[in-house]
Structure formats: C-alpha cells, structure tokens
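Reader: I have a model open and some time to go through it. Can you walk me through the packing and the loops?

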Amino acid sequence: MTRDVTESLRIFVVPGGMLLTPQQNAGQVCVWCPRSLHPGEGVDLGGSGPWWPHACLSCYEAQTRVLATYLDWADHADGCTLCKAAPPCDTAHTMGTDHIDALCRIAKPALCSDCHRITEPHTFRPHRTVGTSGMRFGYLHHKPCHARRQSGA
Ligand SMILES: [Zn+2]
Ligand SMILES: [Zn+2]
Ligand SMILES: [Zn+2]
C-alpha cells in the first residue's frame with residue numbers, strides 16, 4: 001500500500017533552499033542528516049537550479065513513510081463517516097499507529113495545531129490546513145484542547 005509521494009515530498013517536506021547549507025543545496029549532504037553523499041549517491045529529491053536537494057536512503061525512506069502514512073490516514077479520516085464521531089474507527093486507529101511509529105523513527109513530535117502541545121498517541125487526528133506557504137500537514141486533538149487541559153489528561 002505504498003503510495004507514490006515523491007511529488008508531495010518535494011513540495012511539502014523537503015526543506016527549501018534558504019534552510020539548507022550550500023553543500024545540501026548542491027546535493028553533497030543529505031538534507032535531513034549530516035551524512036555526506038558522493039556524486040551519484042543518495043536520492044535525487046527533484047530540485048532545480050541552485051536547489052538540488054538529495055537525501056541518504058535511510059532518511060528518504062523514513063520521510064517517505066511519514067508522509068505516506070499521514071496521507072493515508074488523513075484521506076481515510078476525510079472520507080469515513082465513522083471517523084466524524086469520536087473516537088475514530090479502528091481503521092483510523094491502525095493508520096494512526098502506523099504514522100506515529102513512522103514519526104518516532106525520525107524523532108519528530110506531533111504538535112497539535114490548536115494548543116501547540118505535543119500530542120500523545122491516539123489523542124489526535126490528522127488535520128490538513130491551507131496556509132500561506134501551501135498545504136500544512138498538522139494534527140488536532142480529538143477533544144477540544146481546553147477540555148483536555150481541565151481533565152488533566
Ligand atoms: Zn540522511
Ligand atoms: Zn474511519
Ligand atoms: Zn490540542
């Protein structure tokens with residue numbers, strides 16, 4: 001069930017040229033870790049001009065998995081009537097588990113778009129928003145964040 005996320009990865013996940021070192025922009029160092037890449041090594045992330053980002057294989061696979069599991073999960077949540085109610089359905093739970101596992105591997109916390117706190121597993125759902133710089137792949141707590149705070153959870 002691996003979907004092709006090459007395009008989305010380049011547009012939404014690969015850091016822009018301003019955030020990268022000259023070596024990373026030149027494709028000589030992985031954009032996600034300090035590993036240096038010899039010519040012909042690494043995965044071409046599809047840049048152009050002075051922005052020619054590459055990734056080492058393990059970062060590429062990890063980042064691809066994070067994005068693919070997120071999109072599967074978010075697509076499901078958008079189309080599933082069971083997920084409109086809380087708690088979400090078992091399918092969403094499984095997809096969420098998969099995504100959280102993928103996030104752990106890149107040591108990235110999931111932050112709630114509303115309260116900006118780190119979310120604990122299975123307290124949140126995917127939440128896509130359109131911002132000024134394009135689509136943002138965020139998360140939102142199931143319950144309103146203020147209710148969650150009051151209950152001390
Ligand atoms: Zn890397
Ligand atoms: Zn569902
Ligand atoms: Zn929240």
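Predicted model: local features only at pLDDT ≥ 70, side-chain atom pairs only at ≥ 80, totals over all residues.

**Helix packing and loops**

Author: Helix H3 (residues 57–79) packs against helix H4 (residues 90–105) at an angle of about 160°, and their axes are 9 Å apart. Axes here are lines fitted to C-alpha atoms, for helices over the stretch in contact, with angles from 0 to 180 degrees between N-to-C directions. Helices (H or I, at least four residues) and strands (E, at least two) are DSSP runs, numbered from the N terminus.

Reader: What does that make H3 relative to H4?

Author: That angle makes H3 roughly antiparallel to H4. Angles under 35 degrees count as roughly parallel, over 145 as roughly antiparallel, 65 to 115 as roughly perpendicular and the rest as oblique.

Reader: Which residues in H3 and H4 meet?

Author: On the H3 side they are Ala62, Arg65, Val66, Thr69, Tyr70, Asp72, Trp73, His76 and Ala77; on the H4 side, Thr91, Ala92, Met95, Gly96, Asp98, His99, Ala102, Leu103 and Arg105. By class, the residues of this H3 and H4 contact are nine nonpolar, five polar and four charged. Contact means that the C-beta atoms, placed from the backbone, lie within 7 Å. Ala, Val, Leu, Ile, Met, Phe, Trp, Tyr, Cys and Pro count as nonpolar, Asp, Glu, Lys and Arg as charged, and the others, Gly among them, as polar.

Reader: What is Thr69 in contact with, apart from neighbours within four places in sequence?

Author: Met95, Asp98, His99 and Ala102. Thr69 and Ala102 are 33 residues apart in sequence, with their C-alpha atoms 7.7 Å apart in space.

Reader: How does H1 pack with H3?

Author: Helix H1 (residues 6–13) and H3 are at an angle of about 95°, with axes 10 Å apart, and are therefore roughly perpendicular to each other. Ser8, Leu9 and Val13 in H1 meet Gln63, Thr64 and Leu67 in H3. That contact has three nonpolar, three polar and no charged residues.

Reader: Changing topic: where does Ala107 lie, and what is its phi?

Author: Ala107 lies in the loop between H4 and strand S3 (124–131). Phi of Ala107 is near 55°, a positive value in a residue other than glycine. Ala107 is exposed, with 7 other C-beta atoms within 10 Å.

Reader: And His116?

Author: His116 is in the loop between H4 and S3, with phi near 60°, a positive value in a residue other than glycine. His116 is exposed, having 8 other C-beta atoms within 10 Å.

Reader: How many bridges join S3 to S4?

Author: Eight, and S3 and strand S4 (residues 134–141) run antiparallel. They form a hairpin with two residues between them. Strands pair if DSSP finds at least two bridges between them.

Definitions and conventions. Residues numbered from 1 in each chain as written. Chains lettered and ligands numbered in written order. Contact = placed C-beta atoms within 7 Å. Buried ≥ 20, exposed ≤ 12 C-beta atoms within 10 Å, placed from the backbone.
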